[in-house]
Amino acid sequence: MTAVDAQVRGCYIDGKWVVPKQDRLIDVKNPADGSSLAYVPRGDKEEIDLAVKAAKKAFHSKEWRTFHPYQRGKFLFQAAEVIREHKEELARLETLDVGKPLNQSAMDVEIAARYFEYYAGIADKIFGETIPVEPGIIDYTVREPIGIIGHIIPWNYPLQIAARSIAVSIATGNAAILKPAEDTPLTTLKLVEFMEPLGLPKGILNVVTGYGHEAGSALSGHPEINHITFTGSVDTGKRVMASAAQNIVPVTLELGGKSPNIVFADCQEELGLEWVLKSIVQNAGQTCSAGSRLVIEKSIKEKFVQKLAAAMEKLSIGPGIDNHDLGPVLSKKQFDRIQGFLDLAKKDGIRILTGGERREINGCEAGYYLPPTILDNVPADHILAQEEIFGPVLTVTTFQTEEEAVEIANGTPYGLVAGVWTENVGLAHRVASGLQCGQVFINHYGAGGGMAQPFGGYKKSGFGREKGLEALRNYTQLKNVALKY
C-alpha cells in the first residue's frame, strides 16, 4: 500500500524545525499494513529544555504581553481557516497515522477547526468579577495566564486534542509545549507547519516528539513548567501526577473509562441500536469515552443484542484509507492487550456472541484487524466489565430495576461518560442524577462535537475539565485586587 513518502520530520522549537542525529529517530508506522510513514525525532530532556527556555522567553516577552486578546482571537480564527483549506491532506494523514476510517478523520479535522473558532471567540471575553466587600474598598478579580503549559497528547485522537490544546492555551495567553504520542505525531506536526505563516510570536508554540518515558517524563517533571495536561492511561497519569507534584505543578488528567449505555425497555430501539453500535466501533473502540458496556433491561436484552450482533456483522473492516466501517487497531502491542482480555473471556466461559478473532486483510497482513465483538452475560464484577479494553469489544450485563441499573453503571473504578436510553423523562433525570460520571447523554451519545461541553471524569477517569468555558479554569490563575479609597 502506498502511503506517504517516508521522510524525516523535526521538532518545532522557538519557531524553527530541529532535526536530531540519524540515530535518534522514531519510525512512525501505518497501522493498516505496518509500512513506514515517516521518521520523527526521538526528543528527550535536551529538546524539552530547549522548548521550555523558548516558551519562557516568549511568554515574558514584550511582544507577547502586547499581543492583545483580540489579536489572539484573530490568530485562532485564521488557524481554523487554514485547517479547512488543508482538510483533505489532514484527514488523509490522520487516517494513515492512526488507522481510523477516512470519514472519521474528516470529522476530526472539522472538529479541530471548530475548537479554534470556539476559543477564538472567547479570547477577548475572559472576565473577572467585582466583589462587594465594604464601603471604601473596590475589590475585583483578574484571570491571568498560568505561563508555560505542557500538553501530553494521546495516540487515538491526535489532531483533535492537539487543536483543543493549542487553541485554549493561546486564547488564555499562555505558551504551549506539545508532546504528541510517538505512534501518531504526524498531524500535530503538520498542523503546526500550516499555522507557522500566521504570525504567532516565536516560542509561544513548540512541539517535541519522542517517547513518553523520555520526552514525556522530562516535560512533566520540568521545574519551569507551570501546568500539565495529560490524556492517556491511568497508570501513566499516576506517573505524570507524581512527577509534576515534585515541582508543585497542577495537572489536568483525562484518563480511562468504562462507559455504560444504560438501555431501558421503553427506549426507542432503533435509535438506541444505532448509537450503541457507533459508540463502540468508532476508531475501532480506541476511544476513552467509548460505550464499552451495554447495561440493558433484562426483558429486552435478547432481542436487542441479537439485532446489535447482526448490525455488527454487516460492517466492513479494512484499511481506513479505503473508508471501511472499521480500521485496524493501532499496533501489535494494542492488539495483544485486547487479545489477552478475549482469552480471559474464553477461559472463564463467557460467551462471545460475535467477533473475537483477528481478521486477516489481503495485502495488509502486518495490520491488526479485529471485528466488533460482543461478550454476552458478563457479570458486573468481572474484570471484563471493570477494566478498559480499548478495542471494539462490548460487554453485556442485564438489570431488572432502576436502582440496579445505576448500581451496575457506577460499579467500576471509572466515571467518564454514560448514555441513558428511555422515553421516561423523570426516569432519565433520576438516573442521570445518580450516575457517578462527568458526562451523561440521554437518548444520544456524543452529539454536538463536544467543543462547548465540559469533558472530564470522576474517580479514576481523572480530574479537571477540558472543552467549553470550564476549561478556562485550568489555563488561568485568579488574582484578587483590593483598592481602598
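On a 1 Å grid over the protein atoms alone, a cavity is a set of points where a 1.4 Å probe fits but cannot get out, while a pocket is an open set with protein on both sides within 12 Å along at least five of seven lines; lining residues have an atom within 4 Å of a point. Grid points are joined across faces, edges and corners, and a volume is the space filled by probe spheres set on the points. This is a predicted model, in which local features need pLDDT of at least 70 and side-chain atom pairs count only at pLDDT 80 or more, whereas totals for chains, interfaces and linings use all residues. Residues are numbered from 1 along each chain as its sequence is written, and side-chain values use heavy atoms, with hydrogens and water left out.

**Stop 1: the cavities**

How many cavities of 30 Å³ or more are there? The count is four. For the largest cavity, with a volume of about 80 Å³, select P260, A409, G415, V417 and C437, which are the closest to its centre among 15 lining residues. Helix 13 (402-410), strand 17 (414-415) and strand 18 (417-421) each supply at least two residues of this lining; helices (H or I, at least four residues) and strands (E, at least two) are DSSP runs, numbered from the N terminus.

Next, select G257, G285, T287, C288, A290, S292, E388, I389, F390 and G391 to show the lining of the second largest cavity. About 60 Å³ of space lies there.

**Stop 2: the largest pocket**

The largest pocket has a volume of about 1,300 Å³. To find its centre, select W155, F230, G232, S233 and T236, the closest of the 40 residues that line it. Now colour helix 9 (234-245), one of the elements that supply at least two lining residues. Helix 9 gives the most to this lining, with seven residues. By class, the lining of the largest pocket has 14 nonpolar, 14 polar and twelve charged residues. Here Ala, Val, Leu, Ile, Met, Phe, Trp, Tyr, Cys and Pro count as nonpolar, Asp, Glu, Lys and Arg as charged, and the others, Gly among them, as polar.

**Stop 3: the second largest pocket**

This pocket has a volume of about 1,000 Å³. Select M107, Y157, Q282, Y445 and G446, the closest to its centre of 41 lining residues. Which helix gives the most to the lining of the second largest pocket? Helix 5 does, with six residues. The lining divides into 17 nonpolar, 17 polar and seven charged residues.

**Stop 4: Y140**

Y140 counts as partly exposed because its relative accessibility is 32%; buried means under 20% relative accessible area, exposed over 50%, and partly exposed in between (1.4 Å probe, protein chains only).

**Stop 5: two backbone spots**

Most residues other than glycine have a negative phi. Select D14, whose phi is near 55°, a positive value. D14 sits in the loop between strand 1 (11-13) and strand 2 (16-18), and is partly exposed at 27% relative accessibility.

Finish at K467, where phi is also positive, near 75°. K467 is in the loop between strand 21 (462-463) and helix 15 (472-475). Is K467 buried or exposed? K467 is buried, with a relative accessible area of 12%.
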